[in-house]
Amino acid sequence: MSPSLSKRDIETDMHFAGPDDLTYAQYLRLDVLLSAQRTRSRPEHHDELLFIIQHHTSELWLKLLIHELRRAIAGFAEDDVPTALKCLARVKHIQRQLFEQWAVLETITPGEFAAFRDHLAKSSGFQSGQYRLVEFLLGNKNPDMLGMFAEDPVTQNTLREALHRPGLYDEFLRHLARQGYEIPLELIERDFSQPYVESPKLLPVLKQIYEQPAEHWRPWETCEELVDIEENFQLWRFRHMKAVERVIGFKQGTGGSSGVAFLRAALELSFFPELLTVRTEIGR
């Protein structure tokens, strides 16, 4: 008789934790992590747990995204492009995880969400300090956003520091300048607390890189990685907008935004504008 397929024997070398051993649950602090999903609806609505877990996991991925972006920025600042590119490759995989999560949230129907939406009060994803930090690191700076975190001085100070430091694109351009590329001075010596403004003066440099990739392979490769990240972020924004449209229609957001209209306007934002504009010039 063949052995049962419903049971697998424990291997003899498998370790059973003793009283002094670090366990899986202790290492990951699962007592803290798994106790953080506290619903507010009473009686508890079945779908509120999904909504909370969706946002908890998003915040965890954002934490890792920030970790990788900071290292990539430092890599460009140190002219360590391989390290920067390794981090950017990981960023793209994290973005995919964030993108795919919307499919799970979209299983909540409008009626199901309406049953517990009031329990969110005025809280909103727009208030996510980590999301705002990602935007700052990618170059979408807005000093006015600091006021939103007046009641959270730790987050506000983190954002203030990022506001005044070069973002990912800034450090890439500064790296190119140190490598001998003619980057306009006003792009590498500017007030980094302000959002990046597209400069036509940068296009000849990028056009040269794109039209002669063999001679400028590493900058060309980096440009394409940045374009990937830009596109992924736009796809994530679009998916966010469509998820909101599907679940609440055109209602106002819980945080006071115009909802879908506000999210649609964000689709016009670009982190690395010249990397897209230069495509019109290539081959002319």
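Figure 1. Helix axes are lines fitted to C-alpha atoms over the stretch in contact, and the angle between two of them runs from 0 to 180 degrees between N-to-C directions. The model shown is predicted, so that local features are given where pLDDT is at least 70, side-chain atom pairs count only at pLDDT 80 or more, and totals for chains, interfaces and linings use all residues. Residues are numbered from 1 along each chain as its sequence is written, and side-chain values use heavy atoms, with hydrogens and water left out. Helix α6 (residues 129-138) packs with helix α7 (residues 153-163) at an angle of about 5 degrees, their axes being 10 Å apart. That angle makes α6 roughly parallel to α7, a description used for angles under 35 degrees, while angles over 145 count as roughly antiparallel, 65 to 115 as roughly perpendicular and the rest as oblique. With contact taken as heavy atoms within 4.5 Å, α6 contributes Gly129, Arg132, Leu133 and Phe136, and α7 contributes Thr155, Thr158, Leu159, Ala162 and Leu163. Five of the residues in this contact are nonpolar, three are polar and one is charged; in this grouping Ala, Val, Leu, Ile, Met, Phe, Trp, Tyr, Cys and Pro are nonpolar, Asp, Glu, Lys and Arg are charged, and the others, Gly among them, are polar.

**Figure 2. The chain as a whole.** The chain has 13 helices and zero strands, where helices (H or I, at least four residues) and strands (E, at least two) are DSSP runs numbered from the N terminus. Along the principal axes, the C-alpha trace of the chain spans about 70 × 55 × 40 Å. Of the 284 residues in the chain, 40% are buried; buried means under 20% relative accessible area, exposed means over 50%, and partly exposed lies in between (1.4 Å probe, protein chains only). The accessible surface of the chain comes to about 17000 Å², and 56% of this belongs to carbon and sulfur atoms, with areas computed by the Shrake-Rupley method with a 1.4 Å probe and, for residues, only the protein chains shown counting as cover. Among contacts in the chain with a separation of 6 or more, 68% come from residues 24 or more positions apart.

**Figure 3. The salt bridge between Glu106 and Arg239.** The structure holds 17 salt bridges, each defined as a side-chain nitrogen of Lys or Arg within 4 Å of a carboxyl oxygen of Asp or Glu. In one of them the side chains of Glu106 and Arg239 meet at 3.4 Å, N to O. Glu106 lies in the loop between α4 (81-105) and α5 (110-114) and Arg239 in helix α11, so the pair ties together parts that are 133 residues apart in sequence. Glu106 is buried, with a relative accessible area of 13%, and Arg239 is also buried, at 18%.

**Figure 4. Gln234 in helix α11.** Gln234 is found in helix α11 (residues 217-248), where a relative accessibility of 19% means that Gln234 counts as buried. When residues up to four places away in sequence are not counted, Gln234 touches Ala266, Leu267 and Leu269.

Figure 5. Within helix α10 (residues 203-211), Lys207 and Glu211 lie four residues apart, about one turn of the helix, and form a salt bridge whose closest N and O atoms are 3.1 Å apart. Glu211 is partly exposed, with a relative accessible area of 37%. A salt bridge also joins the side chains of Glu224 and Arg279 (2.6 Å, N to O). This pair links distant parts of the chain, with Glu224 in helix α11 and Arg279 in helix α13 (residues 273-281), 55 residues apart. Glu224 is partly exposed at 25% relative accessible area, and Arg279 is partly exposed at 33%.

Figure 6. Most residues other than glycine have a negative phi, and most peptide bonds are trans. The peptide bond from Arg42 to Pro43 is cis, with omega near 0 degrees, and Pro43 is placed in the loop between α2 (30-33) and α3 (48-77). Arg29, in the loop between α1 (24-28) and α2, has a positive phi near 55 degrees and is exposed, with a relative accessible area of 53%. Ala121, in the loop between α5 and α6, has a positive phi of about 55 degrees although it is not a glycine, and at 53% relative accessibility Ala121 counts as exposed.
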